[in-house]
Amino acid sequence: MSNTDFEIKKPKVDLNYSSHLKPVHSDPNPEAKPLPKVTIDGKTYEFKPGDTIMQVAERYKIHEEIPRYCYHPGMPIAGTCRMCTVEVEKAPKLMTSCSTPAGDGMVVHTRSEKVMKSRTGVMEFLLTNHPLDCPVCDKAGECELQDYNFEYGPAKSNFKEEKRVYDNATTKKLSPLVTLNMNRCVHCERCVRFTDDITKTNDLVMVNRGWHKELEATTPEGLKNDYQGCLTDFCPVGALTWNDFRFQKRSWFLAKKPSICDKCSKGCNIEVHSDADVVYRYVPIHNEMVNGHWMCDTGRNSYQEYMNPLRVISHMMRQEDKMHSVSIEAVLASVNAQLKGTSSVQIVIGTDSTREEAALLKDKVPALIGKNVSVSYFNGTGVNTPADDKKLDNLLKMKDQTANSRGVEEQGLTPLTNGELTADVAVLFRNGRTGIPKMKADQKLVLWGVWSQSEIQSLPSKNILGVIAGLATIEKEGSYKNADGIVQKFHPAIIHRGGALSAHHVVGLWKSLT
Amino acid sequence: MKTAADYVEQILTKHVNVPNCHTLDYYVKNDKGYEALRKALTMKPADIVDEVKKSNLRGRGGAGFPTGMKWSFMPADPKDSNGNPKPKYMVCNADEGEPGTFKDRLIMTKFPHKMVEGMIIACHAINSNKGFIYIRGEFYKETRIMQKAIDEAKAAGFLGKNIMGTDFDCDLIIYKGAGAYICGEETALLNSLEGKRGEPRLKPPFPAQVGAYGMPSCVNNVETFAAVPYILNEGAEKYASLGIEKAGGTRLYAVSGHVNKPGVYELPMTMTLREVIEVAGGVRTGHSIKAVIPGGASCPMLRADEIDVKMDYDSLAKAGTMSGSGGVIVLDETVNIVEAVYVLLKFYEHESCGQCSQCREGSHWLARMFKRILDGGGNNDDLDYIAKICSNMAGQTICAFADAVTGPALSSVRKFRSEFEDLIRNGGLHPEKGGAHSHAKEGAHV
């Protein structure tokens, strides 16, 4: 794929997924056949042959959206929830817009009286057995049952019977990561189709029939795919919840900003959900060219490393045999002096750095040190160069656990020979994802970027000349080039509240010292 | 009293009382066995389809779709995406699960060869070399008899390779279901046949394009196949003349309930429902009819004053009900309609596959509501709400199951409203027992 630059944007529809579909326009070639046209709610739209009514409506953003439970743009069509029915003129019954292909000359009404009555009926049926425990439900605020009930639901229900209660409904763990509350389920079976058709692991199955239908894992071990978080994203109600987020935050308090997952070379587009600049979760956002609608669990939980209390967020240097937090100016002055006094210096750029940081470190920093400085890159997550990278499964996961191997290599850098430091002093720049190179016992080090205290403690502390705290992916701006060669720009999703500084800021200060 | 034979030629059930009528030997010697197949193999497939079209044979499963037309919908020369020819399959729906219907069971126990012969002819007519017989799980005996009939036919050269010396091959395979009512719906049957959950598929694509194992398939009822040999032996005109204008032949009516002689009767479609009940010995002595379900449990019921309706597809449709699968259930005045319908609704609640929201939740809601009324907890608003639930269910789902649920529920409220009101006013069926009624015992699944 060519170098296509594009910026990550949050899609318009405020759900965790949305359609990527863009309006089709007539082929400029005048001899081409005219596109078929369909009339929806009084307006005529062109469509690609084969589009369903739902897809045409999504392309043109007709109204907000056609309500749906079982339909998901990334999955096969089931047509069972009957929420998306529309009235098609000349058709005897209401048609499900998710499964009915648009036809040339078809006249569709998406909000006629008959349609609204049907949707109210479906909502009433779904709510008969729903526990309505929204005050303690984690999905509240982003729940499709709430949203659609607000729009279509009946004002009151005449259901006077007892509600359905499943055994152990609220405490069922499908895996260490996901909890199932079967009482809340509306039986859309998105989750079953996801494990059948997307991950192809067949983890979930509906047992029993009709009103007693119950979701169960196919094996006693529970879910075994690596995309379990997606189940909790697209579950329209709070039946499947992500244990890590369970009872942590009400969803309406969350600020939602787009960013990129840097846990592997795929570069999945994500939305960072935070409150007061504390991240609570990542959720994927749709990008057909990169990750589709999904992201893996490893990436989803990778925010924890940046939010970890052990992450070093202040600049440190050695004073009286101990590491002390000091100002950036003090660290830079000390480091600068010691670098000038040594014969050989090497800069090692982690492949998790952004393209801009790699260029900055290669072009500007050697001049600041003022010596013949060797610059190389290092990965340390099982791959040496981007050529070693490979897919780990049929969906997204990559072997390379850093985000920008291609982008760093593109700067004309070479990998660190044998993965071993050779110079007297090594400046290690990383974003918290690469490994640590091999080194001799008395190797002098300058650590720069995202480091954790445990990593620093594993190094001989008397050799550490200084630690410069840097920003993590979600806190800075830049761009990554992913395994498929797609360059993706991103902006800060949260504001860093510690002492860490961007690489450009540090280089600017360094320059003013010399 | 007149018997069924006095009304029409017994083309299916003539030999029903002979002990060995299910054997190949008897069928070949006494019932023109496999002569129709011999004749069919000399005919072009298209001519057989034309003959069946001319006979006005309509599907006996319940919907009454013209059989010849269904066969002609099968693609002539299906190809897969690589251009390789695809096989076509003939599927026999022997999942007779409709409450009150037991006519296919009679054919399978007494005349298995008639059905096998009809199915081989049908395979020839649509150029298919393989047929699946999907038999309901509870039919152990019938499955054994059918398997024996297929083995006999194979040994005699009516099935297998080069049938009767021609180059036509045909194989029939029996598949036992697990006893789910919904698997009588043709696409749920196909799913079940493939080993998937028995849930109806979205249509389109119809089975004629994508059916069993993704191949073009044609699904017909047992009785439909059993009628085919007669059509070829005696001619389409003869068969058509036995019936009425738009529907040829005779029908099997499974009459049950409060009649003197319940059973399966082969009768012409020109008769009225009252006459059919008369043939079955009339309502049990000393009692009078209260309600009749004319075509299996899912049809709306008729009051005693409405049973002078003709038993053909269109007259019954005009009367607001269906001809369905031919299961006539007669209820006399000792029956409480609410209780009777509750029993049906409990069945439907248990058998809904649970795909579509309306059917899954609605069938349960209706059953609970009927039970509450029986237990004395009802009020007059409930009756209007039953109608509202039914209108939200009917015609809104993938298959016709939701319509089947609303058939008895809605018709009972419309036609026997006073019985509901009595229960509401009196505090249930057995107010002296605190409202508990005879069916109050909960099943394990409810």
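Two strands pair if DSSP finds at least two bridges between them.

A word on the source. This is a predicted model: local features need pLDDT of at least 70, side-chain atom pairs count only at pLDDT 80 or more, and totals for chains, interfaces and linings use all residues. Residues are numbered from 1 along each chain as its sequence is written, and chains are lettered from A and ligands numbered from 1 in the order in which they are written.

Chain B as a whole. It has 17 helices and 9 strands. These are DSSP runs, helices being H or I of at least four residues and strands E of at least two, numbered from the N terminus. The C-alpha trace of chain B spans about 75 × 55 × 35 Å along its principal axes.

Now the sheet. It is open, with 4 strands in the order E3-E2-E1-E4 of chain B, and the pairing is parallel. Which strands sit at the edges? Strand E3 (171-176) and strand E4 (217-221) of chain B, each pairing on one side only. Strand E1 (residues 89-94) of chain B pairs with E4(B) over 5 bridges, in the parallel sense. There, B:Met90 stands opposite B:Cys218 of E4(B).

Last, two helices. H2 (residues 35-42) and H6 (residues 112-125) of chain B pack at about 5°, with axes 9 Å apart. Axes are lines fitted to C-alpha atoms, for helices over the stretch in contact, and angles run from 0 to 180 degrees between N-to-C directions. H2(B) and H6(B) are therefore roughly parallel, a label for angles under 35 degrees; over 145 is roughly antiparallel, 65 to 115 roughly perpendicular, and the rest oblique.
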